[in-house]
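Here are my notes for you on this one. Have the sequence and the 3D view open while you read, and take the points one at a time.

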Amino acid sequence: MEAKYITLTKENIEKEHICCAFSDKKCKDSYELKKAWLKKEFDNGYIFRRLDERAKVFIEYVPAEKAWIPVTAPNYLMINCFWVSGQYKGHGHAKALLQSAIDDARAQGKEGLVTVVGTSKFHFMSDVKWLLRQGFETVEKLPYGFSLLALKINPAAPDPAFKDCVLSGVCADKEGVVVYYTHRCPFAEFHVRNSLVNVAESKGIPLKIIRLETMEQAQDAPTPATIFSLFYNGKFVTTDLSACIDKRFDKALGL
């Protein structure tokens with residue numbers, strides 16, 4: 001039986017799940033915030049396409065000019081999240097979802113696809129080796145662990161590039177923990193505002209939380225991982241939300 005994929009819209013999103021966190025009751029409010037974020041972004045050409053099952057099998061992409069990511073990529077489509085989990089791996093879902101994005105890019109006359117990945121494995125980042133096997137190429141690397149991959153439809157198109165604001169891997173605040181996050185992730189709001197606040201207070205470490213509320217703010221952020229990025233004493237540390245939890249916090253910060 002051929003797999004069926006559905007694309008979420010303003011009309012069907014209320015009755016459809018968005019894959020991540022659908023069984024995590026403590027993140028229920030965060031889950032609804034992601035849905036609300038999606039509804040607004042649909043007007044910017046945002047696509048959320050998933051397997052028509054109760055599964056974590058989906059791809060999200062948007063015209064790069066409208067992506068909440070500090071990357072310059074005129075006339076590309078930006079892949080935001082791309083995930084095929086557990087038992088669904090090895091059944092062709094990733095290739096089918098990627099091909100749907102390529103088909104959309106061709107239909108829209110785009111130069112190609114672009115995505116941010118972790119040179120080292122970072123949470124909320126796509127599988128680098130798999131993408132390279134599908135024809136993506138590395139067009140830029142940052143020294144603190146991020147790479148920019150592109151799959152060109154037009155071979156003569158200029159390479160996408162990270163914006164200057166992310167090149168150093170440092171943020172403006174140099175004391176304690178600073179977190180940047182958005183409602184792009186249905187786990188972020190709960191863990192940042194609850195888990196991280198509690199652990200920082202228990203350890204007496206200064207904490208500053210910055211929620212990126214607009215596309216413009218996200219595109220000027222000091223990190224290309226605007227879902228969630230944690231800085232410590234001014235330097236980028238991790239994209240891993242589990243660092244908000246007491247047992248992982250010390251290890252992430254090297255305490």
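**Notes on the fold**

1. Start with the inside: the largest nonpolar core has 64 residues, and Phe146 and Phe228 touch the most other members. A nonpolar core here is a set of buried Ala, Val, Leu, Ile, Met, Phe, Trp, Tyr and Cys residues joined through side-chain atoms within 4.5 Å. Buried means under 20% relative accessible area, exposed means over 50%, and partly exposed is in between (1.4 Å probe, protein chains only). Strand S10 gives the most to this core, with five residues. Another core, of 24 residues, lies apart from it, and Ile47, Ala55, Val57 and Trp130 are among its members. In soluble globular proteins, nonpolar side chains tend to be buried together.

2. A word on where this comes from. The model is predicted, with local features needing pLDDT of at least 70 and side-chain atom pairs counting only at pLDDT 80 or more, while totals for chains, interfaces and linings use all residues. Residues are numbered from 1 along each chain as its sequence is written, and side-chain values use heavy atoms, leaving out hydrogens and water.

3. Now find the open sheet: four strands in the order S11-S10-S12-S13, with mixed pairing. Strands S11 (207-211) and S13 (235-238) stand at the edges with a single partner strand each, so one side of each has no neighbour in the sheet. From one strand to the next, the twist averages 25°. (Strands are DSSP runs of E, at least two residues, and helices are runs of H or I, at least four, numbered from the N terminus; two strands pair if DSSP finds at least two bridges between them.)

4. Zoom in on S12 (residues 228-232), which pairs with S13 in the antiparallel sense over three bridges. Tyrosine 232 stands opposite lysine 235 in S13. The loop between S12 and S13 holds asparagine 233, which has a positive phi of about 50° although it is not a glycine. Asparagine 233 is partly exposed, with a relative accessible area of 40%.

5. You'll find asparagine 75 in the loop between strand S4 (71-72) and strand S5 (76-84), partly exposed with a relative accessible area of 24%.

Methods:
Axes are lines fitted to C-alpha atoms, for helices over the stretch in contact, and angles run from 0 to 180 degrees between N-to-C directions.
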